[in-house]
Amino acid sequence: MTGESDLRKLLSGMRPVLNDGLYVFCTIPGDTDPEALVGLTPVASILEPEGLTLVLAQEEADEAGLPYEYTAGWITLRVHSALEAVGLTAAFATELGAHGLSCNVIAGYHHDHLFVAADRAAEAVAVLEALAARSAEG
């Protein structure tokens, strides 16, 4: 199934949902024994020259003794966005930024996933819902 690429449709159809729980970004040095990662179920992972970044449920990171500095709420935009779509990230990031909300974005094949400060996650969803409503009118 091909994702949507029309920006107005993407924005009006975002349908953001706040996933349950708290999430953290952990970094694992490149020389870490792979056995140390057994049993971890990251939401996402990114291999960088400095090490492996894992996005994990906070409880899982705590149980594994992994350090982190940032606790986030995880918002999924339920619109199926095309990977080549132009402008969606810029539009919602600009809107969130106008409200003093930062976001860390990870694109999956079907959806975009935003990680925002945990204590402002519900506010971020409300901002995104308002943007979607304005886009539907336009």
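In this predicted model, Arg120 is partly exposed, with a relative accessible area of 25%, and Arg120 forms a salt bridge with Glu123, the closest N and O atoms of the two residues being 2.9 Å apart. Glu123 is likewise listed as partly exposed, its relative accessible area being 35%. Side chains of opposite charge can pair when their charged atoms come close.

By the rule used here, which asks for a side-chain nitrogen of Lys or Arg within 4 Å of a carboxyl oxygen of Asp or Glu, the count of salt bridges comes to two.

Helix 4 itself deserves a careful look. This helix has 17 residues and reaches 25 Å from its first C-alpha to its last, which is close to the 24 Å expected at 1.5 Å a residue. Which residues of helix 4 are buried? They are Ala121, Ala124, Val125, Val127, Leu128, Leu131, Ala132 and Ser135. Seen down the axis of helix 4, the buried residues fall within an arc of 160 degrees, so they line one face of the helix. On the other side of helix 4, Ala122 and Glu137 are exposed. The buried residues of helix 4 pack against several elements, namely helix 1 (7-12), strand 1 (16-18), strand 5, helix 3 and strand 7.

One of these elements, strand 7, leads us to the paired strands. Five of the six residues of strand 7 (residues 112-117) are buried, so this strand is largely enclosed by the rest of the structure. Strand 7 pairs with strand 5 (residues 71-77) in the antiparallel sense over six bridges, and within this pairing Val116 in strand 7 is the bridge partner of Gly73. Strand 7 is also joined by four bridges to strand 6 (residues 104-107), and these two strands run antiparallel, with Ile106 standing opposite His113 in strand 7. Strand 6 and strand 7 form a hairpin, with four residues between them.

Notes:
Residues numbered from 1 in each chain as written. Predicted model: local features only at pLDDT ≥ 70, side-chain atom pairs only at ≥ 80, totals over all residues. Heavy atoms only, no water. Buried < 20%, exposed > 50% of the residue type's maximum accessible area, 1.4 Å probe, protein only. Pairing = 2+ DSSP bridges. Expected span 1.5 Å × (residues − 1). Arc of directions from axis to C-beta. Contact = heavy atoms within 4.5 Å.
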